[in-house]
Number of protein chains: 2
Amino acid sequence: MGLRERKKLKTRVALIDAALDLFLEQGYESTTIDQIAAAVDVSPRTFFRYFGSKEDVALAPATDAQDVFLSELHDRPGTESPFTALAQAMRGAVALLRDGEPEDKQRFLKARQVVEATPTIFAGQMRLMMANEQRILEEVSRRRGADDLRSQFVTATFTSTIRVGFENCTVEELSDIDGMSRRLEDTFALVDELMVAGWDH
Amino acid sequence: MGLRERKKLKTRVALIDAALDLFLEQGYESTTIDQIAAAVDVSPRTFFRYFGSKEDVALAPATDAQDVFLSELHDRPGTESPFTALAQAMRGAVALLRDGEPEDKQRFLKARQVVEATPTIFAGQMRLMMANEQRILEEVSRRRGADDLRSQFVTATFTSTIRVGFENCTVEELSDIDGMSRRLEDTFALVDELMVAGWDH
DNA sequence: TAGATTATGTCAGTCCATGACAGATGACAA
DNA sequence: TTGTCATCTGTCATGGACTGACATAATCTA
């Protein structure tokens with residue numbers, strides 16, 4: 001990896017970190033692009049060369065996490081049922097985060113706090129999840145061998161499960177990957193309890 | 001109702017109609033507030049006295065529809081199980097739209113087309129649904145007598161069902177309340193098939 | 001090291017959104 | 001009817017998000 005590429009990555013991360021800190025400190029709305037750019041010693045114009053919008057920088061960690069999830073999903077064996085594969089991929093993604101760089105973990109948790117505190121950003125995360133859902137739907141349809149209403153339902157149920165699992169966490173749980181993980185397992189267990197056997201086949 | 005109040009209502013509807021027509025004609029992004037205001041012969045400043053943002057005017061019909069749904073939900077007998085009450089309330093809301101003014105129907109369908117065509121607006125609708133979900137959760141918790149993870153799951157499942165039912169409609173279905181209604185019933189039937197008995201109790 | 005690529009800064013401009021103030025219009029009582 | 005009050009509307013000024021164009025500076029490659 002060349003110097004240019006390394007520099008770009010470094011600037012990107014610096015922008016994300018500066019933005020998240022400012023958002024947490026003084027709120028998303030009252031933080032300006034100029035402030036973020038100034039904190040990283042970059043021109044405001046350059047900010048928009050790294051992120052399409054102010055919202056994007058707040059959602060960058062979530063976007064990256066989704067990519068990790070999709071990669072995990074791709075690696076699941078074809079023998080697993082659709083929902084099992086999705087749940088396992090999510091467990092894998094959480095594990096990667098838990099065992100990864102502490103800085104990445106911190107960044108992810110900070111971003112989650114910003115998302116929870118800012119309705120605009122929360123809506124943006126929904127948009128991300130919806131976009132992701134299209135790709136998940138393809139995987140579910142592939143495994144079920146049918147692109148029908150039921151595949152959509154399985155996919156939507158998974159999205160809901162993740163959402164409920166991550167939502168309404170207390171502050172402690174927000175700053176703790178293990179807390180999130182536990183709540184996720186509770187929700188998966190509930191799905192198992194309330195769905196008829198083979199519902200995702 | 002006085003003259004002043006009637007005038008306000010008229011202006012509001014005129015702004016929505018003008019906005020939706022412009023959005024459909026030339027796209028949401030490339031339509032300016034100035035254009036919308038000019039079409040209704042009102043100053044741009046006045047537009048923002050009726051709607052908090054450009055997004056709000058596109059989501060106005062959806063917001064109104066949600067209010068109708070919540071009103072229907074409030075009228076459901078307390079003997080119904082949570083999910084049954086939610087489904088019945090949705091059927092009631094759709095019926096009200098079907099049997100209502102043709103203009104209201106047209107407006108609603110136009111708004112849906114704009115939502116489908118514009119990612120930003122789609123995200124906004126998600127935000128609306130999430131805000132609504134909080135109130136639905138209260139009703140579910142009340143009927144179940146417990147404010148726990150399961151209530152959240154029932155609520156999230158309902159939201160997903162509605163979303164899947166309305167989503168990915170063909171152009172024909174988009175311009176047809178009955179088509180939407182049929183698809184909704186298919187989705188409700190699927191829930192009934194895939195969930196264990198008494199899952200929402 | 002020279003030349004091609006690519007990143008960055010500066011500048012000008014558009015559009016969304018909001019506060020402040022003044023003029024216009026409907027509501028209401030005498 | 002008329003005068004007063006509350007409310008609606010237009011105008012103006014401002015700030016902040018975003019974008020295109022162009023020049024400069026940094027990296028890359030031969």
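B:F47 and B:F51 are both buried, where buried means under 20% relative accessible area, exposed over 50% and partly exposed in between, with a 1.4 Å probe and protein chains only. This is a predicted model, in which local features need pLDDT of at least 70 and side-chain atom pairs count only at pLDDT 80 or more, while totals for chains, interfaces and linings use all residues. Residues are numbered from 1 along each chain as its sequence is written, chains are lettered from A in the order in which they are written, and side-chain values use heavy atoms, without hydrogens and water.

Over all chains, the structure holds 14 aromatic pairs. Rings of Phe, Tyr and Trp (its six-membered ring) pair if their centres lie within 6.5 Å; planes under 30 degrees apart count as stacked, over 60 as edge-to-face and the rest as tilted. Two of these pairs are listed below.

| Pair | Centre to centre | Angle between planes | Class |
|---|---|---|---|
| B:F47 and B:F51 | 5.6 Å | 40° | tilted |
| B:F83 and B:F158 | 6.0 Å | 80° | edge-to-face |

B:F83 counts as buried at 8% relative accessibility, and B:F158 is buried with a relative accessible area of 2%. In chain A, one aromatic cluster is formed by A:F69, A:F83, A:F158, A:F188 and A:W199.

A charge sits over a ring if NZ of Lys or CZ of Arg is within 6 Å of the ring centre and within 35 degrees of the ring normal. A:K54 lies over the face of A:Y28, 4.6 Å from the ring centre. In chain B, the charged end of B:K54 sits over the ring of B:Y28, at 4.6 Å from its centre.
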